[in-house]
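Here is a short report for a first look at this structure. Keep the sequence and the 3D view open as you read.

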Amino acid sequence: MKDRLAKRIGDREVVVGVLGMGYVGLPLAHAFVEAGVRVVGFDTDPAKVEALNRGETYLRHLGESLVRSMRETGRFEAASDFARLGEVDAVLLCVPTPLDPHLQPDLSFVERSSEAVAAALRPGQLVVLESTTWPGTTREVVLPRLAARGVEVFVAYSPEREDPGRAVSTRSVPKLVGGLDDAAGDLAEALYALAFEEVVRVSSAEVAEAAKLLENVYRAVNIALVNEMKTVLTEMGVDVWEVIGAASTKPFGFQPFYPGPGLGGHCIPIDPFYLTWRAREFGQDTRFIELAGQINHAMPRYVVNRTAWALNEHGKAVRGARVLVLGLAYKRDVDDCRESPSFEIIEMLRELGARVEYNDPLIPEAPRVRRHDLGMRSVSVAPEDVARYDAVIVVTDHSSYEWETIVPAARLLIDTRNVTGALRPRPPNVVMA
(Lines give C-alpha, C1' and ligand atoms only; values in the text may rest on other atoms or scores of the structure.)
Protein backbone atom coordinates (compact mmCIF):
# COMPACT_ATOMS: atom_id res chain seq x y z
CA MET A 1 0.00 0.00 0.00
CA LYS A 2 2.71 2.47 0.99
CA ASP A 3 4.86 1.74 -2.06
CA ARG A 4 1.93 2.23 -4.43
CA LEU A 5 1.03 5.62 -2.98
CA ALA A 6 4.69 6.64 -2.78
CA LYS A 7 5.06 5.88 -6.49
CA ARG A 8 1.97 7.92 -7.40
CA ILE A 9 3.39 10.82 -5.38
CA GLY A 10 6.80 10.46 -7.00
CA ASP A 11 5.26 10.35 -10.49
CA ARG A 12 2.99 13.33 -9.66
CA GLU A 13 -0.02 11.20 -10.47
CA VAL A 14 -1.39 11.58 -6.94
CA VAL A 15 -4.83 13.18 -6.60
CA VAL A 16 -5.23 15.43 -3.56
CA GLY A 17 -8.53 16.20 -1.85
CA VAL A 18 -8.64 19.35 0.27
CA LEU A 19 -11.60 19.37 2.65
CA GLY A 20 -12.57 22.93 3.56
CA MET A 21 -12.20 25.69 0.96
CA GLY A 22 -11.57 28.59 3.31
CA TYR A 23 -8.61 30.73 4.38
CA VAL A 24 -6.38 27.65 4.71
CA GLY A 25 -7.75 25.14 2.24
CA LEU A 26 -7.98 27.39 -0.82
CA PRO A 27 -4.35 28.63 -0.77
CA LEU A 28 -3.23 25.05 -0.03
CA ALA A 29 -5.15 23.73 -3.04
CA HIS A 30 -3.58 26.46 -5.16
CA ALA A 31 -0.07 25.45 -4.06
CA PHE A 32 -0.64 21.86 -5.18
CA VAL A 33 -2.27 22.87 -8.48
CA GLU A 34 0.69 25.17 -9.21
CA ALA A 35 2.96 22.18 -8.58
CA GLY A 36 1.18 20.20 -11.29
CA VAL A 37 -0.98 18.09 -8.97
CA ARG A 38 -4.67 17.39 -9.56
CA VAL A 39 -6.82 18.67 -6.70
CA VAL A 40 -10.46 18.26 -5.72
CA GLY A 41 -11.64 20.89 -3.26
CA PHE A 42 -14.47 19.79 -0.96
CA ASP A 43 -16.80 22.07 0.96
CA THR A 44 -20.22 21.79 2.60
CA ASP A 45 -21.25 25.21 1.27
CA PRO A 46 -22.77 24.75 -2.21
CA ALA A 47 -22.39 28.46 -2.94
CA LYS A 48 -18.64 28.21 -2.47
CA VAL A 49 -18.45 25.11 -4.64
CA GLU A 50 -20.41 26.79 -7.43
CA ALA A 51 -18.24 29.92 -7.22
CA LEU A 52 -15.04 27.89 -7.38
CA ASN A 53 -16.21 25.93 -10.39
CA ARG A 54 -17.03 29.24 -12.09
CA GLY A 55 -13.46 30.33 -11.42
CA GLU A 56 -14.41 32.95 -8.83
CA THR A 57 -12.24 33.80 -5.82
CA TYR A 58 -14.35 34.81 -2.81
CA LEU A 59 -11.37 35.60 -0.54
CA ARG A 60 -10.31 39.01 -1.79
CA HIS A 61 -6.80 38.99 -0.34
CA LEU A 62 -5.92 36.05 -2.61
CA GLY A 63 -6.61 38.08 -5.76
CA GLU A 64 -9.43 37.79 -8.28
CA SER A 65 -7.51 35.59 -10.72
CA LEU A 66 -6.36 32.84 -8.33
CA VAL A 67 -9.23 30.38 -8.78
CA ARG A 68 -9.63 31.21 -12.44
CA SER A 69 -5.99 30.32 -13.04
CA MET A 70 -6.48 27.05 -11.13
CA ARG A 71 -9.48 26.12 -13.24
CA GLU A 72 -7.67 26.96 -16.47
CA THR A 73 -5.02 24.31 -15.71
CA GLY A 74 -7.69 21.61 -15.79
CA ARG A 75 -6.27 20.27 -12.53
CA PHE A 76 -8.81 21.74 -10.10
CA GLU A 77 -12.48 21.22 -9.43
CA ALA A 78 -14.70 21.74 -6.41
CA ALA A 79 -17.26 19.29 -5.03
CA SER A 80 -19.82 19.07 -2.25
CA ASP A 81 -20.41 15.32 -2.66
CA PHE A 82 -18.21 13.82 0.04
CA ALA A 83 -18.67 10.36 -1.45
CA ARG A 84 -16.08 11.51 -3.96
CA LEU A 85 -13.44 11.50 -1.21
CA GLY A 86 -12.87 7.89 -2.23
CA GLU A 87 -11.54 9.13 -5.59
CA VAL A 88 -8.51 10.90 -4.15
CA ASP A 89 -5.23 9.47 -2.88
CA ALA A 90 -4.67 11.98 -0.07
CA VAL A 91 -7.18 13.96 1.99
CA LEU A 92 -6.07 17.16 3.71
CA LEU A 93 -8.47 18.34 6.44
CA CYS A 94 -8.59 22.14 6.69
CA VAL A 95 -11.62 22.70 8.91
CA PRO A 96 -12.31 25.21 11.71
CA THR A 97 -11.39 24.46 15.33
CA PRO A 98 -13.25 27.17 17.28
CA LEU A 99 -13.97 27.51 20.96
CA ASP A 100 -17.37 26.93 22.52
CA PRO A 101 -19.04 29.62 24.68
CA HIS A 102 -17.11 28.31 27.70
CA LEU A 103 -13.73 28.62 25.93
CA GLN A 104 -13.50 24.86 25.54
CA PRO A 105 -12.20 23.34 22.27
CA ASP A 106 -14.94 22.62 19.76
CA LEU A 107 -13.74 19.73 17.61
CA SER A 108 -17.10 19.06 15.99
CA PHE A 109 -15.81 20.08 12.53
CA VAL A 110 -12.81 17.76 12.88
CA GLU A 111 -15.03 14.94 14.07
CA ARG A 112 -17.60 15.34 11.28
CA SER A 113 -14.98 15.68 8.56
CA SER A 114 -13.15 12.58 9.85
CA GLU A 115 -16.41 10.65 9.76
CA ALA A 116 -17.09 11.88 6.22
CA VAL A 117 -13.65 10.67 5.13
CA ALA A 118 -14.17 7.35 6.90
CA ALA A 119 -17.45 6.80 5.06
CA ALA A 120 -15.68 7.01 1.70
CA LEU A 121 -12.32 5.59 2.79
CA ARG A 122 -10.50 3.13 0.61
CA PRO A 123 -7.30 1.19 1.50
CA GLY A 124 -4.00 2.99 1.11
CA GLN A 125 -5.18 6.59 1.37
CA LEU A 126 -3.24 9.28 3.25
CA VAL A 127 -5.23 11.52 5.61
CA VAL A 128 -3.60 14.65 7.04
CA LEU A 129 -5.14 17.02 9.59
CA GLU A 130 -4.07 20.66 9.16
CA SER A 131 -6.41 22.34 11.65
CA THR A 132 -4.84 23.83 14.77
CA THR A 133 -5.61 21.78 17.86
CA TRP A 134 -4.26 20.25 21.05
CA PRO A 135 -1.46 17.65 21.00
CA GLY A 136 -3.01 14.23 20.58
CA THR A 137 -6.02 15.19 18.45
CA THR A 138 -4.84 13.38 15.33
CA ARG A 139 -4.18 10.16 17.23
CA GLU A 140 -7.11 10.29 19.64
CA VAL A 141 -9.88 11.94 17.58
CA VAL A 142 -9.14 11.45 13.88
CA LEU A 143 -7.52 8.01 13.85
CA PRO A 144 -10.26 6.08 15.73
CA ARG A 145 -12.91 7.31 13.28
CA LEU A 146 -10.84 6.21 10.31
CA ALA A 147 -9.73 2.93 11.88
CA ALA A 148 -13.35 1.93 12.47
CA ARG A 149 -13.55 1.13 8.75
CA GLY A 150 -10.98 -1.63 9.25
CA VAL A 151 -8.87 -0.68 6.22
CA GLU A 152 -5.20 0.29 6.04
CA VAL A 153 -4.83 4.05 6.05
CA PHE A 154 -1.94 6.45 6.70
CA VAL A 155 -2.54 9.38 9.06
CA ALA A 156 -0.40 12.46 9.75
CA TYR A 157 -0.57 16.03 11.00
CA SER A 158 0.77 19.13 9.24
CA PRO A 159 -0.21 22.50 10.73
CA GLU A 160 -1.33 25.34 8.49
CA ARG A 161 0.74 28.50 8.57
CA GLU A 162 -1.41 30.90 6.59
CA ASP A 163 -1.24 34.61 7.36
CA PRO A 164 -4.03 36.35 5.39
CA GLY A 165 -2.88 39.57 3.77
CA ARG A 166 0.82 38.81 4.07
CA ALA A 167 2.55 39.00 0.70
CA VAL A 168 4.24 35.60 0.94
CA SER A 169 3.28 32.58 -1.14
CA THR A 170 2.03 29.49 0.65
CA ARG A 171 4.70 27.32 -0.94
CA SER A 172 7.56 29.46 0.44
CA VAL A 173 6.58 28.89 4.10
CA PRO A 174 8.35 25.82 5.61
CA LYS A 175 5.86 22.96 6.09
CA LEU A 176 5.93 20.93 9.31
CA VAL A 177 4.96 17.27 9.01
CA GLY A 178 4.55 14.59 11.67
CA GLY A 179 3.08 11.14 11.08
CA LEU A 180 1.36 8.78 13.48
CA ASP A 181 3.98 6.28 12.34
CA ASP A 182 7.05 6.30 10.07
CA ALA A 183 5.13 5.18 7.00
CA ALA A 184 2.58 7.99 7.31
CA GLY A 185 5.34 10.50 7.99
CA ASP A 186 7.27 9.38 4.91
CA LEU A 187 4.23 9.70 2.65
CA ALA A 188 3.16 13.07 4.05
CA GLU A 189 6.68 14.42 3.71
CA ALA A 190 6.89 13.29 0.09
CA LEU A 191 3.44 14.68 -0.72
CA TYR A 192 4.07 18.15 0.67
CA ALA A 193 7.51 18.26 -0.96
CA LEU A 194 5.67 18.47 -4.28
CA ALA A 195 4.11 21.82 -3.37
CA PHE A 196 6.40 23.40 -0.75
CA GLU A 197 9.95 24.64 -1.06
CA GLU A 198 10.89 23.21 2.34
CA VAL A 199 9.34 20.39 4.36
CA VAL A 200 10.40 19.96 7.98
CA ARG A 201 9.86 16.43 9.28
CA VAL A 202 9.33 15.96 13.02
CA SER A 203 9.17 12.74 15.00
CA SER A 204 5.42 12.58 15.61
CA ALA A 205 2.07 14.21 14.99
CA GLU A 206 2.07 15.36 18.60
CA VAL A 207 5.28 17.35 18.10
CA ALA A 208 3.82 19.06 15.03
CA GLU A 209 0.57 19.82 16.89
CA ALA A 210 2.45 21.30 19.85
CA ALA A 211 4.76 23.33 17.58
CA LYS A 212 1.79 25.05 16.00
CA LEU A 213 0.42 25.96 19.41
CA LEU A 214 3.81 27.26 20.54
CA GLU A 215 4.01 29.53 17.49
CA ASN A 216 0.70 31.16 18.36
CA VAL A 217 1.22 31.21 22.12
CA TYR A 218 4.52 33.01 21.53
CA ARG A 219 2.75 35.75 19.61
CA ALA A 220 -0.14 35.98 22.08
CA VAL A 221 2.17 36.36 25.07
CA ASN A 222 4.34 39.02 23.46
CA ILE A 223 1.34 40.98 22.21
CA ALA A 224 -0.07 40.86 25.74
CA LEU A 225 3.21 42.27 27.02
CA VAL A 226 3.12 45.32 24.75
CA ASN A 227 -0.61 45.77 25.35
CA GLU A 228 0.08 45.96 29.08
CA MET A 229 3.00 48.30 28.46
CA LYS A 230 0.66 50.50 26.43
CA THR A 231 -1.85 50.89 29.25
CA VAL A 232 0.90 51.68 31.76
CA LEU A 233 2.92 54.05 29.58
CA THR A 234 -0.19 55.88 28.40
CA GLU A 235 -0.97 56.79 32.02
CA MET A 236 2.62 58.03 32.34
CA GLY A 237 2.28 60.19 29.26
CA VAL A 238 4.83 58.11 27.32
CA ASP A 239 4.24 57.06 23.70
CA VAL A 240 4.49 53.24 23.63
CA TRP A 241 4.96 53.24 19.84
CA GLU A 242 8.01 55.47 20.10
CA VAL A 243 9.29 53.26 22.91
CA ILE A 244 8.97 50.14 20.75
CA GLY A 245 10.75 51.89 17.91
CA ALA A 246 13.57 52.88 20.22
CA ALA A 247 13.91 49.36 21.67
CA SER A 248 13.93 47.92 18.14
CA THR A 249 17.26 49.58 17.45
CA LYS A 250 18.92 46.93 19.64
CA PRO A 251 20.37 44.40 17.17
CA PHE A 252 20.01 41.42 19.48
CA GLY A 253 17.72 40.06 22.18
CA PHE A 254 14.64 42.02 21.12
CA GLN A 255 11.88 41.45 18.58
CA PRO A 256 9.21 44.13 18.18
CA PHE A 257 5.55 43.32 18.76
CA TYR A 258 2.86 45.97 18.57
CA PRO A 259 -0.19 46.79 20.70
CA GLY A 260 -3.69 47.03 19.33
CA PRO A 261 -7.40 47.14 20.13
CA GLY A 262 -7.56 43.39 20.75
CA LEU A 263 -6.74 40.15 19.00
CA GLY A 264 -8.50 38.80 15.94
CA GLY A 265 -8.33 36.00 13.43
CA HIS A 266 -8.71 32.29 13.97
CA CYS A 267 -5.32 31.62 15.56
CA ILE A 268 -4.01 33.91 18.32
CA PRO A 269 -7.29 34.59 20.19
CA ILE A 270 -8.23 30.88 20.16
CA ASP A 271 -5.29 28.50 19.90
CA PRO A 272 -3.67 29.14 23.31
CA PHE A 273 -6.88 27.95 24.96
CA TYR A 274 -6.45 24.57 23.27
CA LEU A 275 -3.20 24.13 25.17
CA THR A 276 -4.57 25.38 28.49
CA TRP A 277 -7.52 22.99 28.18
CA ARG A 278 -5.30 20.03 27.36
CA ALA A 279 -2.87 20.92 30.15
CA ARG A 280 -5.63 20.68 32.75
CA GLU A 281 -6.23 17.06 31.71
CA PHE A 282 -2.69 16.39 32.88
CA GLY A 283 -3.05 18.36 36.10
CA GLN A 284 -0.95 21.28 34.83
CA ASP A 285 -1.64 25.00 35.08
CA THR A 286 -0.77 27.42 32.28
CA ARG A 287 -0.82 30.62 34.31
CA PHE A 288 1.43 32.61 32.00
CA ILE A 289 -0.64 31.79 28.90
CA GLU A 290 -3.95 32.41 30.63
CA LEU A 291 -2.76 35.77 31.97
CA ALA A 292 -1.79 36.80 28.44
CA GLY A 293 -5.24 35.80 27.27
CA GLN A 294 -6.88 37.93 29.97
CA ILE A 295 -4.82 40.97 29.01
CA ASN A 296 -5.50 40.64 25.30
CA HIS A 297 -9.20 40.00 25.75
CA ALA A 298 -9.45 43.13 27.91
CA MET A 299 -8.20 45.46 25.16
CA PRO A 300 -11.59 46.18 23.51
CA ARG A 301 -12.86 47.34 26.90
CA TYR A 302 -9.76 49.53 27.26
CA VAL A 303 -10.47 51.16 23.89
CA VAL A 304 -14.07 51.85 24.89
CA ASN A 305 -12.97 53.33 28.22
CA ARG A 306 -10.43 55.58 26.49
CA THR A 307 -13.13 56.68 24.07
CA ALA A 308 -15.51 57.49 26.93
CA TRP A 309 -12.77 59.46 28.71
CA ALA A 310 -11.89 61.37 25.54
CA LEU A 311 -15.53 62.25 24.86
CA ASN A 312 -15.90 63.45 28.43
CA GLU A 313 -12.82 65.66 28.02
CA HIS A 314 -14.59 67.21 25.03
CA GLY A 315 -17.75 67.78 27.04
CA LYS A 316 -19.70 64.91 25.46
CA ALA A 317 -21.32 61.89 27.11
CA VAL A 318 -21.09 58.45 25.53
CA ARG A 319 -24.85 58.12 25.62
CA GLY A 320 -26.18 59.75 22.50
CA ALA A 321 -22.74 60.27 20.97
CA ARG A 322 -22.26 59.44 17.30
CA VAL A 323 -19.27 57.12 16.91
CA LEU A 324 -17.67 55.81 13.73
CA VAL A 325 -15.53 52.66 13.89
CA LEU A 326 -13.00 52.38 11.09
CA GLY A 327 -12.35 48.78 10.13
CA LEU A 328 -14.35 45.63 10.79
CA ALA A 329 -11.64 43.21 9.63
CA TYR A 330 -9.27 41.92 12.28
CA LYS A 331 -6.17 43.03 10.35
CA ARG A 332 -5.07 45.37 7.63
CA ASP A 333 -6.11 44.82 4.00
CA VAL A 334 -8.06 41.57 4.44
CA ASP A 335 -11.79 40.90 4.43
CA ASP A 336 -11.46 38.47 7.33
CA CYS A 337 -13.37 39.54 10.43
CA ARG A 338 -13.16 36.33 12.47
CA GLU A 339 -12.85 37.23 16.18
CA SER A 340 -12.32 40.88 15.24
CA PRO A 341 -12.23 43.24 18.24
CA SER A 342 -14.36 45.69 16.25
CA PHE A 343 -17.46 43.65 17.00
CA GLU A 344 -16.91 43.84 20.76
CA ILE A 345 -16.08 47.53 20.65
CA ILE A 346 -19.27 48.27 18.70
CA GLU A 347 -21.43 46.16 21.04
CA MET A 348 -19.95 47.78 24.15
CA LEU A 349 -20.50 51.29 22.81
CA ARG A 350 -24.07 50.42 21.91
CA GLU A 351 -24.66 49.14 25.43
CA LEU A 352 -23.45 52.51 26.73
CA GLY A 353 -25.99 54.30 24.54
CA ALA A 354 -23.76 55.46 21.69
CA ARG A 355 -25.02 55.55 18.12
CA VAL A 356 -22.39 53.54 16.32
CA GLU A 357 -21.66 53.05 12.64
CA TYR A 358 -18.71 51.48 10.87
CA ASN A 359 -16.75 51.68 7.66
CA ASP A 360 -14.71 48.94 6.06
CA PRO A 361 -13.90 49.14 2.35
CA LEU A 362 -13.52 45.35 2.20
CA ILE A 363 -16.62 44.38 4.21
CA PRO A 364 -19.70 46.23 2.92
CA GLU A 365 -22.05 44.36 5.24
CA ALA A 366 -21.26 43.07 8.72
CA PRO A 367 -21.59 39.27 8.66
CA ARG A 368 -22.97 37.21 11.48
CA VAL A 369 -20.02 35.83 13.43
CA ARG A 370 -19.55 33.45 16.34
CA ARG A 371 -20.81 35.79 19.08
CA HIS A 372 -22.18 38.81 17.27
CA ASP A 373 -24.81 39.78 14.72
CA LEU A 374 -24.52 43.55 14.27
CA GLY A 375 -26.96 43.99 11.37
CA MET A 376 -24.95 46.92 9.99
CA ARG A 377 -23.65 48.15 6.64
CA SER A 378 -20.53 50.14 5.90
CA VAL A 379 -20.99 53.92 5.67
CA SER A 380 -19.08 56.69 3.90
CA VAL A 381 -15.75 58.11 5.10
CA ALA A 382 -15.83 61.24 2.97
CA PRO A 383 -14.42 64.14 5.07
CA GLU A 384 -17.81 65.85 5.32
CA ASP A 385 -19.31 62.61 6.68
CA VAL A 386 -16.46 61.96 9.12
CA ALA A 387 -16.90 65.47 10.51
CA ARG A 388 -20.44 64.64 11.67
CA TYR A 389 -19.29 62.07 14.24
CA ASP A 390 -18.40 62.93 17.82
CA ALA A 391 -15.62 60.31 17.77
CA VAL A 392 -13.87 58.18 15.17
CA ILE A 393 -12.12 55.01 16.37
CA VAL A 394 -9.36 53.53 14.22
CA VAL A 395 -9.53 49.77 14.75
CA THR A 396 -8.14 48.51 11.42
CA ASP A 397 -5.60 50.55 9.46
CA HIS A 398 -6.47 49.54 5.90
CA SER A 399 -4.01 51.02 3.39
CA SER A 400 -6.90 52.47 1.37
CA TYR A 401 -7.82 54.90 4.15
CA GLU A 402 -6.73 58.44 3.34
CA TRP A 403 -5.53 59.53 6.76
CA GLU A 404 -4.49 62.93 5.48
CA THR A 405 -8.20 63.73 5.03
CA ILE A 406 -9.74 61.57 7.76
CA VAL A 407 -7.59 62.79 10.68
CA PRO A 408 -8.18 66.55 10.25
CA ALA A 409 -11.88 65.98 9.47
CA ALA A 410 -12.53 64.10 12.73
CA ARG A 411 -13.67 66.04 15.77
CA LEU A 412 -12.01 63.38 17.92
CA LEU A 413 -9.92 60.48 16.62
CA ILE A 414 -9.12 57.47 18.82
CA ASP A 415 -5.97 55.92 17.35
CA THR A 416 -5.36 52.27 18.29
CA ARG A 417 -2.99 51.51 15.37
CA ASN A 418 -0.61 54.48 15.40
CA VAL A 419 -1.84 55.80 12.06
CA THR A 420 -0.89 59.28 13.34
CA GLY A 421 2.58 58.17 14.41
CA ALA A 422 4.33 60.20 11.74
CA LEU A 423 2.68 63.40 12.97
CA ARG A 424 4.80 65.20 15.53
CA PRO A 425 3.29 66.60 17.59
CA ARG A 426 0.09 64.65 17.23
CA PRO A 427 -2.91 66.83 16.38
CA PRO A 428 -4.97 67.92 19.40
CA ASN A 429 -7.97 65.93 18.21
CA VAL A 430 -6.03 62.62 18.46
CA VAL A 431 -6.16 60.34 21.51
CA MET A 432 -4.08 57.17 21.60
CA ALA A 433 -5.75 53.98 22.84
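## Basis

This is a predicted model, in which local features need pLDDT of at least 70, side-chain atom pairs count only at pLDDT 80 or more, and totals for chains, interfaces and linings use all residues. Residues are numbered from 1 along each chain as its sequence is written, and side-chain values use heavy atoms, without hydrogens or water.

## Helix α3

Helix α3 spans residues 46–53. Helices (H or I, at least four residues) and strands (E, at least two) are DSSP runs, numbered from the N terminus. Val49, Ala51 and Leu52 are buried in α3 (under 20% relative accessible area; exposed is over 50%, partly exposed in between; 1.4 Å probe, protein chains only). Seen down the axis, the buried residues of α3 fall within an arc of 165 degrees, so they line one face of the helix. That arc is taken over the directions from the helix axis to the C-beta atoms.

Their cover includes α2 (25–34), α4 (66–72) and β3 (76–79). At the start of α3, a side-chain oxygen of Asp45 comes to within 2.9 Å of the backbone nitrogen of Ala47. Just after α3, Gly55 has a positive phi of about 85 degrees.

## Asn216

Asn216 sits in helix α8 (residues 205–236). Asn216 is buried, at 3% relative accessible area. Beyond neighbours within four places in sequence, Asn216 is in contact (heavy atoms within 4.5 Å) with Cys267, Ile268 and Asp271.

## Backbone features

Most residues other than glycine have a negative phi, and most peptide bonds are trans. Asp333 has a positive phi, near 60 degrees. Asp333 lies in the loop between β9 (322–326) and α13 (341–351).

The loop between β12 (413–415) and β13 (430–432) holds Pro425. The peptide bond from Arg424 to Pro425 is cis, with omega near -5 degrees. Asn418 is in the loop between β12 and β13, with a positive phi near 65 degrees.

Key
Polar contact = N/O pair within 3.5 Å; in protein donor to acceptor, adjacent residues only side chain to side chain.
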